[in-house]
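Subject: Structure handover

Hello,

Here is the structure I said I would pass on. My notes on it follow below.

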Amino acid sequence: MRRSTRLSAAVLGLAVLAAGCRDADNQQPAMSGVPQEAEAEAATAPTASFTVPDDEATVARRFSVAMAADGVEIEPAGEVRDGAGHFHVMVDTDCVEAGEAIPKDDEHLHFGGGQLEAQLFLEAGEHELCLQVADGAHVALPITDEITVTVDDEKPYVTLEVPEGESVASPLTVTMAAKGVTIEPAGEVIEGAGHFHVMVDTDCVKTGEVIPNDEGHLHFGDGSTTAELTLPPGEHSLCLQLGDGAHAALAPTHTVKVTVS
């Protein structure tokens, strides 16, 4: 009887152990489902990204940034709408905590017009950039991207100076300058040299393409560094761009906005 009792107890113990293993097995899917749900939420969360320049890129003092978003509509500031906002770029300062208003200063750049592209002008050295989406009232959303760039003062860039003021009279005198490029008349194609063009209310020309010669594409093939522009009242976009001796577009550009009264 004692031997039979011991056998019964052993069988019972094995049965309990097996049941415990089955319970543990049954619980495993529930535990593994938690990170799967988190991964699914992360996959559908809105994102923002710099598409230009690349992280750790070396750029000129004046350089272009291109911004993109997925899962959130980019629109001008003003109305606060769910699932919509506009871009900001923080320079050498942290992204703003979600729910806080983004300041407007030299370190917090606002693109409240719904812009997807912009140009920055920074001192030589390494800089940290934070791209962040905020709502129509400039309240920060948890949608960010961060990159680091190195500004090389030896890389060429151009600068277009227009009269100061919220609005200016026409005709207006603009000044064109270049760093790292020799400005000379059109004709001979010489590496490291070129002349100025101003695109009025039209995009800069893709690098390598010949710049047209019409009312929207003004050529200064005589090597001029100043020009008088006659523009109708209203807001205008001006793109300063270098072209080589044969008027093929070079990379350095500078785009500014001006309002004519």
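Gly243 is buried, because its relative accessible area is 0%, and buried here means under 20%. Please keep in mind that this is a predicted model. Gly243 belongs to strand E16, which covers residues 234–243. Leaving aside residues up to four places away in sequence, Gly243 touches Gly194, His195, His197, Ile211, Ala248, Ala249 and Leu250. One of these, Ile211, is 32 residues from Gly243 in sequence, and their C-alpha atoms are 7.5 Å apart.

Asp70 can be read next to that. Asp70 is found in strand E3 and is exposed, with a relative accessible area of 54%. With residues up to four places away in sequence left out, Asp70 touches Pro46 and Thr47. From Asp70 to Ser49 the distance is 8.7 Å, C-alpha to C-alpha, and the two are 21 residues apart in sequence.

The chain as a whole

The chain has 261 residues, and 35% of them are buried. It contains one helix and 17 strands. If you take the contacts between residues at least 6 apart in sequence, 63% of them join residues at least 24 apart. The chain exposes about 15,000 Å², and 51% of that comes from carbon and sulfur atoms.

Salt bridges

Side chains of opposite charge can pair when their charged atoms come close. How many salt bridges does the structure hold? There are four.

One of them joins the side chains of Glu123 and Arg61, with 3.1 Å from N to O. This pair links distant parts of the chain, 62 residues apart: Glu123 is in the loop between strand E7 (117–121) and strand E8 (125–134), and Arg61 is in the loop between strand E2 (57–59) and strand E3 (62–70). Is Glu123 buried or exposed? Glu123 is exposed, since its relative accessible area is 54%. Arg61, at 13% relative accessibility, counts as buried.

Another salt bridge is between Lys179 and Asp153, whose closest N and O atoms are 3.5 Å apart. Lys179 is in strand E11 (residues 172–179) and Asp153 is in the loop between strand E9 (140–151) and strand E10 (157–161), so this pair ties together parts that are 26 residues apart in sequence. Lys179 is partly exposed at 33% relative accessibility, and Asp153 is partly exposed with a relative accessible area of 27%.

Arg81 also forms a salt bridge, with Glu75, and here the closest N and O atoms are 2.8 Å apart. Arg81 is partly exposed, with a relative accessible area of 30%, whereas Glu75 counts as buried at 15%. Glu73, Glu75 and Arg81 are linked in a network of salt bridges.

Negative charge on the surface

Which residues gather in a patch of negative charge on the surface? They are Asp54, Asp55, Glu56, Asp92, Asp94, Asp105, Asp106, Glu107, Glu126, Glu128 and Glu146. Asp105 sits in the loop between strand E5 (84–91) and strand E6 (108–111). At 36% relative accessibility, Asp105 counts as partly exposed.

Backbone details

Most residues other than glycine have a negative phi, and most peptide bonds are trans. The cases below are worth looking up in the viewer.

- The peptide bond from Val52 to Pro53 is cis, with omega near -5°. Pro53 is in the loop between strand E1 (47–52) and E2.
- Ser170 and Pro171 are also joined by a cis peptide bond, with omega about 5°. Pro171 is in the loop between E10 and E11.
- His138 has a positive phi, near 70°. His138 is in the loop between E8 and E9 and counts as partly exposed at 25% relative accessibility.
- His247 has a positive phi, near 70°. His247 is in the loop between E16 and strand E17 (249–260) and counts as partly exposed at 24% relative accessibility.

Regards

Methods
Residues are numbered from 1 along each chain as its sequence is written. This is a predicted model: local features need pLDDT of at least 70, side-chain atom pairs count only at pLDDT 80 or more; totals for chains, interfaces and linings use all residues. Side-chain values use heavy atoms; hydrogens and water are left out. Patches are made of residues with over 30% relative accessible area and no salt bridge: like charges are joined within 9 Å, nonpolar side chains (Val, Leu, Ile, Met, Phe, Trp, Tyr) within 5 Å. Accessible areas come from the Shrake-Rupley method with a 1.4 Å probe; for residues, only the protein chains shown count as cover. Lys and Arg count as positive and Asp and Glu as negative; His and the chain ends are not counted. The place of a charge is taken as NZ of Lys, CZ of Arg, CG of Asp or CD of Glu. Helices (H or I, at least four residues) and strands (E, at least two) are DSSP runs, numbered from the N terminus. Buried means under 20% relative accessible area, exposed over 50%, partly exposed in between (1.4 Å probe, protein chains only). Contact means heavy atoms within 4.5 Å.
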